[in-house]
Amino acid sequence: MPDPFSALIDLDGVPSAFAATRDGIDSLLRDRGLRRSTPEMTADSLLLGAAASAAIEGAPYDPDGLRRGDADPLALAVARMTTELLGLVPTWNRAPLQAVARIHSLVARGRVDDDELGRPVSPEGARRLGTLAQAVVAPTEAPGLLVAAVVHAEIATAGAFASDNAVVARAAERLVLVAKGVDPASLTVPEAGHLAAGQGYAKLLGEYEADGTPGVHRWLLYAAQAYADGAEAAPVDPPKGPRRRG
């Protein structure tokens with residue numbers, strides 16, 4: 001079977017960008033001692049990620065309130081979803097569509113009709129998710145960071161579900177980073193990297209969808225930087241809100 005990511009691996013600057021980001025992540029985690037992580041560190045990262053993911057959707061960024069259970073309803077829903085997220089890694093590895101459906105069911109429960117939980121409402125969106133699922137279980141030489149970036153963009157732009165497609169996309173991105181061994185304990189906060197990009201995040205997702213290969217190229221280069229920023233947000237020191245780049 002041809003490598004489904006082969007056309008992306010050789011895009012100008014992409015291999016070096018992801019290699020540099022991976023080296024930075026490995027160095028950061030090693031230097032901070034995060035390879036000897038604790039469940040509490042992972043829980044903090046997931047909570048920071050939930051707060052950042054909800055903030056991208058317009059909710060206030062308030063990790064402390066989220067810890068107390070006193071936060072925007074969307075942030076609370078995302079936080080509840082993340083308590084089960086890492087348990088979906090084995091499901092992702094064998095049946096990605098099931099994992100994606102479960103993520104949507106968890107985050108959207110009580111906010112959409114029950115018959116829409118985890119079920120695509122767009123035939124085209126369902127087709128794109130099916131194509132993506134085939135790609136991510138196929139052998140590939142692509143770095144895990146690149147696969148995570150494509151998974152994120154495809155789920156976010158496919159619009160398969162009745163709600164929360166971008167939230168689901170960012171959660172699936174985390175699963176890929178764990179499953180591919182980039183961040184096995186899920187200590188980095190990629191959602192914070194996307195929040196830090198401000199309006200650039202949505203702009204580049206739109207270009208990924210609408211501008212063919214050039215848009216995909218720009219998204220991948222952006223994602224390499226977002227993952228580097230997410231690594232800097234790993235909860236070793238007291239958590240701080242991510243900066244915005246614009």
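Let me start with Ser186. At 1% relative accessibility, Ser186 counts as buried. Ser186 sits in the loop between α10 and α11, and α11 covers residues 190-196. Keep in mind that this is a predicted model.

Now the backbone of Ser186. Its phi is near 55°, a positive value in a residue other than glycine. Why point that out? Because most residues other than glycine have a negative phi.

There is a second case, Asp164. Phi of Asp164 is near 60°, again positive and again in a residue other than glycine. Where is Asp164 found? In the loop between α9 and α10. Is Asp164 buried or exposed? Its relative accessible area is 14%, under the 20% cut-off, so Asp164 is buried.

At 4% relative accessibility, Phe161 counts as buried. What does Phe161 touch, leaving aside neighbours within four places in sequence? Take the contacts in order along the chain. Val100, Ala101 and His104 are among them. Gly118, Arg119, Pro120 and Val121 are also in contact with Phe161. Leu129 and Val168 complete the list. One distance for scale: Phe161 and Asp23 are 138 residues apart in sequence, and their C-alpha atoms are 35 Å apart in space.

Gly118 comes up again with Ser105. Ser105 lies in helix α7, residues 96-108. Not counting residues up to four places away in sequence, Ser105 touches Leu117 and Gly118. Its relative accessibility is 11%, so Ser105 counts as buried.

On to helix packing. Two packed helices are described by the angle between their axes and the distance between the axes.

Pair one is α8 with α9. Helix α8 is residues 123-136, and helix α9 is residues 144-158. They pack at an angle of about 170°, with their axes 9 Å apart. That angle is over 145 degrees, so α8 is roughly antiparallel to α9. The crossing is left-handed. Who makes the contact? From α8 come Gly125, Arg128, Leu129, Leu132 and Val136. From α9 come Val147, Val150, Val151, Glu154, Ile155, Thr157 and Ala158. By class, the contact of α8 with α9 has eight nonpolar residues, two polar and two charged. Note Leu129: it is in this contact, and Leu129 is also one of the residues that Phe161 touches.

Pair two keeps α9 and brings in helix α12, residues 199-210. The angle between α9 and α12 is about 85°, and the axes are 10 Å apart. An angle from 65 to 115 degrees counts as roughly perpendicular, so that is how α9 stands to α12. On the α9 side, the contact is made by Val150, His152, Ala153, Glu154, Ala156 and Thr157. On the α12 side, we have Tyr201, Leu205, Tyr208 and Glu209. Those residues divide into six nonpolar, two polar and two charged.

Helix α5 is residues 73-85. α5 and α10 pack at about 25°, with axes 11 Å apart. Under 35 degrees counts as roughly parallel, so α5 and α10 are roughly parallel to each other. This crossing is right-handed. Val78, Met81 and Leu85 in α5 meet Val167, Ala171, Arg174 and Leu175 in α10. The class count here is six nonpolar, no polar and one charged.

Last topic, the core. How many residues are in the largest nonpolar core? It has 77. Those with the most contacts inside it are Phe18, Trp219 and Leu220. Look at Phe18. Leaving out residues up to four places away in sequence, Phe18 touches Pro143, Leu145, Leu146 and Ala149, along with Leu220, Ala223, Ala224 and Tyr227.

One more residue, Tyr222. Tyr222 is found in helix α13, residues 212-232. At 8% relative accessibility, Tyr222 counts as buried. His194 is 28 residues from Tyr222 along the chain, and their C-alpha atoms are separated by 9.3 Å.

Technical notes
Residues are numbered from 1 along each chain as its sequence is written. This is a predicted model: local features need pLDDT of at least 70, side-chain atom pairs count only at pLDDT 80 or more; totals for chains, interfaces and linings use all residues. Side-chain values use heavy atoms; hydrogens and water are left out. Axes are lines fitted to C-alpha atoms, for helices over the stretch in contact, and angles run from 0 to 180 degrees between N-to-C directions. Helices (H or I, at least four residues) and strands (E, at least two) are DSSP runs, numbered from the N terminus. A crossing is left-handed if the near helix is turned anticlockwise from the far one by less than a right angle, and right-handed if clockwise. Contact means heavy atoms within 4.5 Å. Ala, Val, Leu, Ile, Met, Phe, Trp, Tyr, Cys and Pro count as nonpolar, Asp, Glu, Lys and Arg as charged, and the others, Gly among them, as polar. A nonpolar core is a set of buried Ala, Val, Leu, Ile, Met, Phe, Trp, Tyr and Cys residues joined through side-chain atoms within 4.5 Å. Buried means under 20% relative accessible area, exposed over 50%, partly exposed in between (1.4 Å probe, protein chains only).
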